[in-house]
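Visitor: Could you take me through this structure? I would like to start with its charged contacts.

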Amino acid sequence: MKIGLLTLVLRFPGCASLKEKRGRLKPVLTRLHREFNLSTAEIDRQDVWDEAVVACAMVAGNGANLQAALQDVIIFTEKNWPENVLWENRIELI
């Protein structure tokens, strides 16, 4: 069994409040959870209006499938929310 952790740093250009940022971030987290059956949470920069650090966790039988699935999450995020700049991403397998 392998555990995969994907960390995404998202930028939200033009956000002028935390409320606006939450309004743009929540649909991203919900859709990633629904599409990929993974756990999502904002883990850092909660007080910053235009940035969010998001963690996505997934469990799989082997590392290769897990790596490919998390890569698909990155591609899906870039494709479906082009207005949110994906600033950085990191995949860790445990």
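**Salt bridges**

Guide: The structure holds 6 salt bridges, a salt bridge being a side-chain nitrogen of Lys or Arg within 4 Å of a carboxyl oxygen of Asp or Glu. This is a predicted model, in which local features need pLDDT of at least 70 and side-chain atom pairs count only at pLDDT 80 or more, while totals for chains, interfaces and linings use all residues. Residues are numbered from 1 along each chain as its sequence is written, and side-chain values use heavy atoms, with hydrogens and water left out.

Visitor: Which residue forms a salt bridge with D50?

Guide: The partner of D50 is R11, with the closest N and O atoms 3.3 Å apart. D50 lies in the loop between β2 (39-44) and β3 (51-60), and R11 in strand β1 (residues 2-11), 39 residues away. Strands are DSSP runs of E with at least two residues, and helices are runs of H or I with at least four, numbered from the N terminus.

Visitor: Which residues are linked with these two in a network?

Guide: R45 and E51 are linked with R11 and D50 in a network of salt bridges. Between E51 and R45, the closest N and O atoms are 2.7 Å apart.

Visitor: Is E51 buried or exposed?

Guide: E51 is buried because its relative accessible area is 16%; buried means under 20%, exposed over 50% and partly exposed in between, with a 1.4 Å probe and protein chains only. R45, at 33%, is partly exposed.

Visitor: And what does K21 meet in a salt bridge?

Guide: K21 meets E42, at 2.9 Å from N to O. K21 is in helix α1 and E42 in strand β2.
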